[in-house]
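Let's take a walk through this structure together, going from the whole assembly down to a single residue. Keep the 3D view open as you read.

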2 protein chains.
Amino acid sequence: MVDAVKDLGEVVVVAPDSPQSAMGHAVTIHKPLRLEKTDLYGDIQSYKCSGTPVDCVKLAVDKVLHRKPDLMVSGINHGSNSSINILYSGTMSAAIEAAIEGMPAVGFSLSDFAYDADFSLAKRIAKTIASNIIKNGLPMATLLNVNIPKVSEENFQGIRICRQANAKWMEEFDERKDPNGKNYYWLTGKFVNQDKGDDTDEWALANNYASVVPVHFDLTAHHAIPVLNSWNFIL
Amino acid sequence: MVDAVKDLGEVVVVAPDSPQSAMGHAVTIHKPLRLEKTDLYGDIQSYKCSGTPVDCVKLAVDKVLHRKPDLMVSGINHGSNSSINILYSGTMSAAIEAAIEGMPAVGFSLSDFAYDADFSLAKRIAKTIASNIIKNGLPMATLLNVNIPKVSEENFQGIRICRQANAKWMEEFDERKDPNGKNYYWLTGKFVNQDKGDDTDEWALANNYASVVPVHFDLTAHHAIPVLNSWNFIL
């Protein structure tokens, strides 16, 4: 990620000091946070934080930058954050937090969990998208969720603007017994996509496009307001 | 919450075994979960879970109920989850999770952090809203975020269908030094509402109404898609 954007401006890194998969929009309120300078990126100012991805955004603005950056870039995540996964994702929640606080923001994810995943195409995609945000700005209260398929450069089909596919996880907990005979459960499950629309992020990724979904954080289902106004509340 | 809905059907409780404030939509993937039967609610079947509120929903369906319930009720939360707080809230994330999985779902919160807060009005509001959901159903892929003001019964103005106010938190971390001279940070901040609309949940609560916001989980900013399609991506 740093390599992708370092030519576009001054980069400052504030990142969690441990994996934060599936942390969603969690923030740390019952314990204090640590923030320490690192030298992981050579000349580039970088900090590690003991909190969640969302904590990092809040601390970066208040205690590192003392201002809002021109662009907040989150990720790149190892594994897809397409469709409903945006809600579980620490990477995307950090980008949402930045947008709530009024920063142009984008999160990037690569659909490849491999330890030695190839990020070279992702780097070029991230750079052109970040450049476009800096040049064009983003519509008000909108951030971007970018997912990049696991694909060779020659099979890559391009960048496609999409909507979030209406898909979900079907849980199947793996039930085991500990040495004391008591049950415990591992979360497992499979991703089920019933939404076959060719305007979705899932379609784009399955067809070797990088998906770009514009995201907002007004969760109001406006179309439902008239329906609810017809209800009869008796106290 | 149990008292509010126990006359409406068979109630089964699956709740976290510890406070989960500000857990957002976090799920537990790097450690296993525990689920144990309790006798906290007398005749009412109840379980405590070591995970997050969202974990509780997933486990309840897969390992306790073995089916989807007719209604999933989350809360009641001690403290408001109005406006943007829906994203940080474990209570509301559990309701969102239930809706993603296809259940009618509602989350309740009382705008009162006091240990001895009076939940009697909240109980009656929760009961009539839950009854309405069971009777009318909910629009597809929609859940409800209900917030109840701290108000006496005589000053209560009624139940109002609202949109999510466009408000946010302004962070001001409290910086301290530990006995070893190293910095640590407590998250603090103040809630800032620039959105004065009388159709918002914040307006309703400030004017002694209970707010009901219909919520969806499609985060696509559909209006931004044409704007992004005009961008020029150069790889």
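Predicted model: local features only at pLDDT ≥ 70, side-chain atom pairs only at ≥ 80, totals over all residues.

Now look at where the chains touch. On one side there are 66 residues of chain B, and they are in contact with 65 residues of chain A. Helix 5 of chain B (residues 120-136) gives the largest share of chain B's side, with 6 residues. Sorted by class, that side of chain B has 41 nonpolar, 14 polar and 11 charged residues. And 98% of the interface residues of chain B are also interface residues in chain A, so the copies meet through the same surface.

Next, find helix 2 of chain B, which covers residues 53-65 and has a kink of about 40 degrees centred on Leu59(B). Leu59(B) is also one of the buried residues of this helix, which include Pro53(B), Cys56(B) and Val61(B).

Finally, head to Pro16(B) in strand 1 of chain B (residues 12-16). Is Pro16(B) buried or partly exposed? It counts as partly exposed, because it has 18 C-beta neighbours inside 10 Å, and a buried residue needs 20 or more. Along the chain, Pro16(B) and Thr52(B) are 36 residues apart, yet their C-alpha atoms are separated by 6.3 Å. Leaving aside neighbours within four places in sequence, the contacts of Pro16(B) include Thr52(B), Pro53(B) and Cys56(B).

How values were computed. Residues numbered from 1 in each chain as written. Chains lettered and ligands numbered in written order. Contact = placed C-beta atoms within 7 Å. Helix = DSSP H or I, 4+ residues; strand = E, 2+ residues; numbered from the N terminus. Nonpolar A, V, L, I, M, F, W, Y, C, P; charged D, E, K, R; others polar. Bend = angle between axes of the 7 residues up to and from the residue. Buried ≥ 20, exposed ≤ 12 C-beta atoms within 10 Å, placed from the backbone.
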